[in-house]
Amino acid sequence: LIFILGGPFLKDHVTIQRIAASSIVTLYVTDLGQQVSWTTVFLAEYTGPLLIYLLFYLRIPCIYDGKESARRLRHPVVHLACFCHCIHYIRYLLETLFVHKVSAGQTTLKNLIMICAFYWGFTSWIAYYINHPLYTPQSFGNRQITVSVIHFLMCEAGNHFINVMLSHPNHIGNNACFPSPNYNPFTWMFFPVSCPNYTYETGSGISFTVMTQTLPVGIFTLLMSIQRSLWAQKKHKIYLRKFNSYIHRKSAMISFIL
């Protein structure tokens with residue numbers, strides 16, 4: 001890869017001839033190491049948590065005490081949490097393969113390892129507590145579980161429908177226009193915010209936190225919400241510049257707040 005000193009890395013489609021057409025510039029070459037495709041990154045990032053969580057759910061002897069696991073029955077929310085967690089990452093994997101238009105670019109192997117370490121590590125921490133034989137049930141019982149599960153599934157459905165819409169942008173003539181809500185109620189989130197996919201993602205995380213009532217899930221949800229808010233604000237600014245039909249009163253991710 002080639003870059004200009006003090007500037008960003010050049011895009012793959014940029015030619016040196018075009019850069020140096022009007023002036024003399026100094027180019028530096030750096031070896032970033034082995035490269036992997038973004039599709040590979042996403043598949044590894046999502047497959048790991050799916051399989052790791054199932055290992056903890058099965059309570060294999062090398063993780064928990066066998067006698068303690070056999071003596072204590074699982075609370076129903078443990079099964080629901082496993083179901084919701086699997087649904088979440090299976091959706092990620094299927095959308096990566098069949099919905100999202102993943103960039104043809106590549107990233108470094110080091111970046112892949114860092115991303116996987118973050119997601120896989122947090123999954124191990126989360127799954128350990130939720131599937132532990134000494135797991136403590138929710139403070140408000142079945143009502144808390146039922147409400148959070150319903151909200152989680154609604155957010156998952158909403159996220160999927162938004163991602164499908166974003167993968168098929170509207171076009172009028174030669175100009176692309178911001179996605180417009182349709183008959184599907186889940187797409188109506190486009191009215192108040194410009195990045196409803198991040199809104200639904202955050203809603204799923206909050207629901208899972210309330211459902212399981214565990215600290216690791218809450219910390220993971222908080223960190224990912226902060227990251228999504230940064231992504232949403234960045235996209236919001238791009239939409240303001242790019243789309244003539246864009247409504248400037250919209251928020252980035254949360255109405256009237258963010």
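How far apart are the end C-alpha atoms of residues 46-64, and what percentage of the span is helix? They lie 24 Å apart, and the span is 63% helix and 0% strand. This is a predicted model, where local features need pLDDT of at least 70, side-chain atom pairs count only at pLDDT 80 or more, and totals for chains, interfaces and linings use all residues. Residues are numbered from 1 along each chain as its sequence is written, and side-chain values use heavy atoms, with hydrogens and water left out.

**Annotated spans**
- An unreviewed UniProt entry annotates residues 46-64, 111-130 and 206-226 as "transmembrane region"; such annotations may be inferred rather than shown by experiment.
- Residues 111-130 are 100% helix and 0% strand, with end C-alpha atoms 29 Å apart. Helices are DSSP runs of H or I, at least four residues; strands are E runs of at least two.

**Aromatic pairs**
- The whole structure holds 16 aromatic pairs (Phe, Tyr or Trp ring centres within 6.5 Å, using the six-membered ring of Trp; planes under 30 degrees apart are stacked, over 60 edge-to-face, the rest tilted).
- Tyrosine 46 and tyrosine 92 are stacked because their ring centres are 4.4 Å apart and their planes at 25°.
- This pair joins helix H2 (residues 38-57) to helix H4 (residues 76-98), across 46 residues.
- Both tyrosine 46 and tyrosine 92 are buried (under 20% relative accessible area; exposed is over 50%, partly exposed in between, with a 1.4 Å probe and protein chains only).
- Ring pairs connect Trp38, Phe42, Tyr46, Tyr89 and Tyr92 in a cluster.

**Cysteines**
- The structure has 0 disulfides (cysteine sulfur atoms within 2.5 Å).
- For cysteine 82, the nearest cysteine sulfur is that of cysteine 86, 4.1 Å away.
- Cysteine 82 is buried at 6% relative accessible area.
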